[in-house]
Amino acid sequence: MSTLLVLLLGSMLINVVAMNGAPHWRPFTPMNDEFAAAGTLALAHLIALPPLVLGSWLLFTQLLEPLAMTYLRTPVFVAWVLTIVPLVEIMLRRCGRSIPERPGFMALMIANAALLGTALLASGQLQTPLAVLGFSLAAAVALGFLLLAFTALRVRLRHADVPAVFGDAPLSLLTAGIMALAFMGFTGLFQE
């Protein structure tokens, strides 16, 4: 549980920094509302995680384990991520709510630790396809919650009176650290 929490918090921090950082690396067309961008990114993860994690689990249990090639797990999962992410981009373009921009969206989704990390955790720990599907949906919802919570904190802190030393990035890192400490209280709640 704590591994997944660290993975989701790190992914959330990278996503928020990419959404608000360099303008040419933003994942979506210019949006006035940061919550809309965070919500769309959460939706992209909700679309991408279940097929990605279920497919990687099936590849691992049905192909790599029987052939005793478990050492190829990470490269195979990276190839699977590279297959799923363009399909998610196509689905978001057809939906038309917010149009993904290149290279920001592709780079953000491909290099996202939540996608690969959730697939790696599921392949090593879960036994049934239903458990894998539930795990991936829960991870997507948790990442969406963290993205929206961090975006809300960032919007509130932008208008706060903060010393210049704690400007943009240091304040984001401190906030992420405090959020990580707060969410670490959930580690003993569920048994693994």
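The chain exposes about 10300 Å², of which carbon and sulfur atoms supply 70%; accessible areas come from the Shrake-Rupley method with a 1.4 Å probe, and for residues only the protein chains shown count as cover. The model is a predicted one, in which local features need pLDDT of at least 70, side-chain atom pairs count only at pLDDT 80 or more, and totals for chains, interfaces and linings use all residues. Residues are numbered from 1 along each chain as its sequence is written, and side-chain values use heavy atoms, with hydrogens and water left out.

**Overall architecture**

The chain contains 7 helices and 0 strands, giving the order α-α-α-α-α-α-α from the N terminus on. Helices (H or I, at least four residues) and strands (E, at least two) are DSSP runs, numbered from the N terminus. Of the 192 residues in the chain, 39% are buried, where buried means under 20% relative accessible area, exposed over 50%, and partly exposed in between (1.4 Å probe, protein chains only). Among contacts between residues at least 6 apart in sequence, 76% join residues at least 24 apart; contact means heavy atoms within 4.5 Å.

**Helix packing**

Two packed helices are described by the angle between their axes and the distance between the axes. Axes are lines fitted to C-alpha atoms, for helices over the stretch in contact, and angles run from 0 to 180 degrees between N-to-C directions.

| Helix pair | Angle | Axis distance |
|---|---|---|
| H2 and H3 | about 145 degrees | 9 Å |
| H6 and H7 | about 135 degrees | 11 Å |

The angle between H6 (residues 129-158) and H7 (residues 169-183) is about 135 degrees, which makes H6 oblique to H7. Angles under 35 degrees count as roughly parallel, over 145 as roughly antiparallel, 65 to 115 as roughly perpendicular and the rest as oblique. H6 and H7 cross in a right-handed manner; a crossing is left-handed if the near helix is turned anticlockwise from the far one by less than a right angle, and right-handed if clockwise. Residues of H6 including Phe145, Phe150 and Arg154 meet residues of H7, among them Leu171, Met179 and Phe183. By class, this contact of H6 with H7 has 10 nonpolar, 2 polar and 1 charged residues. Ala, Val, Leu, Ile, Met, Phe, Trp, Tyr, Cys and Pro count as nonpolar, Asp, Glu, Lys and Arg as charged, and the others, Gly among them, as polar.

The crossing of H2 with H3 is right-handed. In H2, residues including Pro51, Gly55 and Phe60 meet residues of H3, among them Arg73, Trp80 and Met91. The contact of H2 with H3 has 17 nonpolar, 2 polar and 1 charged residues.

**The loop between H2 and H3**

Ala68 lies in the loop between helix H2 (34-64) and helix H3 (73-95). Ala68 has a positive phi of about 55 degrees although it is not a glycine, and Ala68 counts as exposed because its relative accessibility is 58%.
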